Amino acid sequence: MTKHLTEIECFEYASNLIVDEALLGPLKMHLTNCDLCAKNVEIEQKLTSDVEATLAVNEEIDVKETVLNYFTKPATNLVGVDVYWASIAFLFISLLLVVGEVTSFNEAFPQLTYTTLIASAISALLLVDFFFKYLKYKKGITS
Amino acid sequence: MNDSDLIRGLLNQQTSAINYFVNSYQQLVYVLAVKMTNNKEVAEEITQDVMIKCIEKIGQFKQASKLKTWVYTVAKREVLNYIRINKLETTQLTENETFNPSSEEVELQLNNEDIKSVISKTFNQLSLELKELLTLFYLQELSLKEIAVITELSEANVRVKLFRAREGFKKVLSKKDISLLNQLRYD
């Protein structure tokens, strides 16, 4: 390599951006023989270290606590009446009582047999479903 | 802890995984944010938001790149959003001058403190894109490939932009901009 290194070559060499051995070999060879280019590369390296030293951020931060607090769910205070579930339970029991009052299911729907029994079974299933949902909800907020 | 274990832990929001993740990445994000916003309080706030956002959205990380690269991408977007929403001012260097001082001139005129002052002042005047590139290159020591992924530029483009930014430093360190040095000395 007889030509002097261009500015961009000096910069790339000084910044270790040239990884291709086919390019790197002749550059190294030239730099051992050319004082001017060697000096330019040295100055580029000095500029790199100056930029790194100037831009360095020495302050350290710790946001671990804030981030952890964000992801830690606060435990719900279960003392007192759980208004949401109490309201649903109240409505459900009222519905069951109303259904219980209707004694003439079989008369209202003569074409269906065991209508009262079917209605009671559906109500019972809904009550069981409600109970398990409540357990799941309670487990969720206390975990 | 390798990336896969860390991601699995973050998906389950395990305390140990969150701790490890924050310890590993908070400083990297802070450095990028502080360099782009030039404001420590804002940078800390952004760092918190980035950490939380990364943990919440870890399911969206497809592992096509390194976790570090993905975190930087999230951080970069967060910083740009913050700057846009809060209308933080950024200034750009003009690119109309093509003065190339010889390296000896630079060395002769300035001592170390002067050089640092000029570099710092010049850096603050750069565009956000160049600030980001220089921070990733000089402070985070990322490869050109990783920088290209984060900045969504080609490797060749990153290379050229880095060179131009560097030329910007050399330009203001030259005799032509000695007025800047005088101004800094009297600040």
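A residue is called buried here if 20 or more other C-beta atoms lie within 10 Å of its own, exposed if 12 or fewer do, and partly exposed in between, with C-beta atoms placed from the backbone. The structure is a predicted model, in which local features need pLDDT of at least 70 and side-chain atom pairs count only at pLDDT 80 or more, while totals for chains, interfaces and linings use all residues. Residues are numbered from 1 along each chain as its sequence is written, and chains are lettered from A and ligands numbered from 1 in the order in which they are written.

Chain A has seven helices and zero strands, and chain B has 10 helices and zero strands; helices (H or I, at least four residues) and strands (E, at least two) are DSSP runs, numbered from the N terminus. Of the 143 residues of chain A, 10% are buried; in chain B, 36% of the 187 residues are buried. Two residues are in contact if their C-beta atoms, placed from the backbone, lie within 7 Å.

Within chain B, helix α4 spans residues 67–86. Its 20 residues reach 28 Å from the first C-alpha to the last, close to the 28 Å expected at 1.5 Å a residue, where the expected span is 1.5 Å times one less than the number of residues. The buried residues of α4(B) are L67(B), W70(B), V71(B), Y72(B), V74(B), A75(B), K76(B), E78(B) and V79(B). Their cover includes α1 (3–11), α2, α3, α7 and α8 (144–151) of chain B. Just after α4(B), K87(B) adopts a positive phi of about 50°.

Two of the covering helices, α2(B) and α7(B), also pack against each other, at an angle of about 145° and with their axes 9 Å apart. Here axes are lines fitted to C-alpha atoms, for helices over the stretch in contact, and angles run from 0 to 180 degrees between N-to-C directions. Helix α2(B) contributes V31(B), L32(B), K35(B) and M36(B) to this contact, and α7(B) contributes L128(B), K131(B), E132(B), T135(B) and L139(B). These residues comprise five nonpolar, one polar and three charged; Ala, Val, Leu, Ile, Met, Phe, Trp, Tyr, Cys and Pro count as nonpolar, Asp, Glu, Lys and Arg as charged, and the others, Gly among them, as polar.

A nonpolar core is a set of buried Ala, Val, Leu, Ile, Met, Phe, Trp, Tyr and Cys residues joined through C-beta atoms within 7 Å. The largest such core has 51 residues, of which V29(B), L32(B), A33(B), V71(B) and A75(B) touch the most other members. Two or more residues come from each of α3 (35–55) of chain A and α2, α3, α4, α6, α7, α8 and α9 of chain B. The most, 13 residues, are given by α2(B).

The contact between the chains takes 35 residues from chain B and 24 residues from chain A. On the side of chain B that touches chain A, α2(B) supplies the largest share, 11 residues. That side divides into 17 nonpolar, 11 polar and seven charged residues.

In chain A, N40(A) lies in helix α3. N40(A) counts as buried because it has 24 C-beta neighbours inside 10 Å. Its C-alpha atom is separated by 9.0 Å from that of F11(A), 29 residues apart along the chain.
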